[in-house]
Amino acid sequence: MSNATASAHATALRAAGLITTTRTGRSVHHERTPLGALLPAGGADRGSPPGP
């Protein structure tokens with residue numbers, strides 16, 4: 001996945017209130033919000049187990 005694609009996905013998730021993003025220097029950390037934690041990580045429709 002390109003950086004532009006990942007950035008577009010993160011923007012959409014932030015706009016939906018599913019993640020927060022913290023930038024420290026060149027590092028970026030994305031964390032699920034309580035609302036985002038209600039959704040399965042990785043997509044349950046693909047057989048992935050729910051996230052933590």
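**The pocket and the fold**

Author: In this predicted model, the largest pocket is lined by Asn3, Ala6, Ser7, Ala10, Thr11, Arg14, Thr21, Arg23, Val28 and His30.

Reader: Which elements give two or more residues to that lining?
Author: They are α1, β1 (19-24) and β2 (27-32). The largest share, 6 residues, comes from α1.

Reader: And what is the volume of the largest pocket?
Author: The volume is about 150 Å³.

Reader: How do the lining residues divide into nonpolar, polar and charged?
Author: The lining of the largest pocket holds 3 nonpolar, 5 polar and 2 charged residues.

Reader: What is the phi of Gly17, which follows α1?
Author: The phi of Gly17 is positive, near 75 degrees.

Reader: Changing topic: in what order do the elements of the chain run?
Author: From the N terminus on, the order is α-β-β-α, which comes to 2 helices and 2 strands.

Reader: How much of the chain is buried?
Author: Buried residues make up 12% of the 52 residues. The accessible surface of the chain is about 4,200 Å², and carbon and sulfur atoms account for 59% of that surface.

Reader: Of the contacts with a separation of 6 or more, what share comes from residues 24 or more positions apart?
Author: Such residues account for 0% of those contacts in the chain.

How values were computed
Residues are numbered from 1 along each chain as its sequence is written. This is a predicted model: local features need pLDDT of at least 70, side-chain atom pairs count only at pLDDT 80 or more; totals for chains, interfaces and linings use all residues. Side-chain values use heavy atoms; hydrogens and water are left out. Helices (H or I, at least four residues) and strands (E, at least two) are DSSP runs, numbered from the N terminus. On a 1 Å grid over the protein atoms alone, a cavity is a set of points where a 1.4 Å probe fits but cannot get out, and a pocket is an open set with protein on both sides within 12 Å along at least five of seven lines; lining residues have an atom within 4 Å of a point. Grid points are joined across faces, edges and corners, and a volume is the space filled by probe spheres set on the points. Ala, Val, Leu, Ile, Met, Phe, Trp, Tyr, Cys and Pro count as nonpolar, Asp, Glu, Lys and Arg as charged, and the others, Gly among them, as polar. Buried means under 20% relative accessible area, exposed over 50%, partly exposed in between (1.4 Å probe, protein chains only). Contact means heavy atoms within 4.5 Å. Accessible areas come from the Shrake-Rupley method with a 1.4 Å probe; for residues, only the protein chains shown count as cover.
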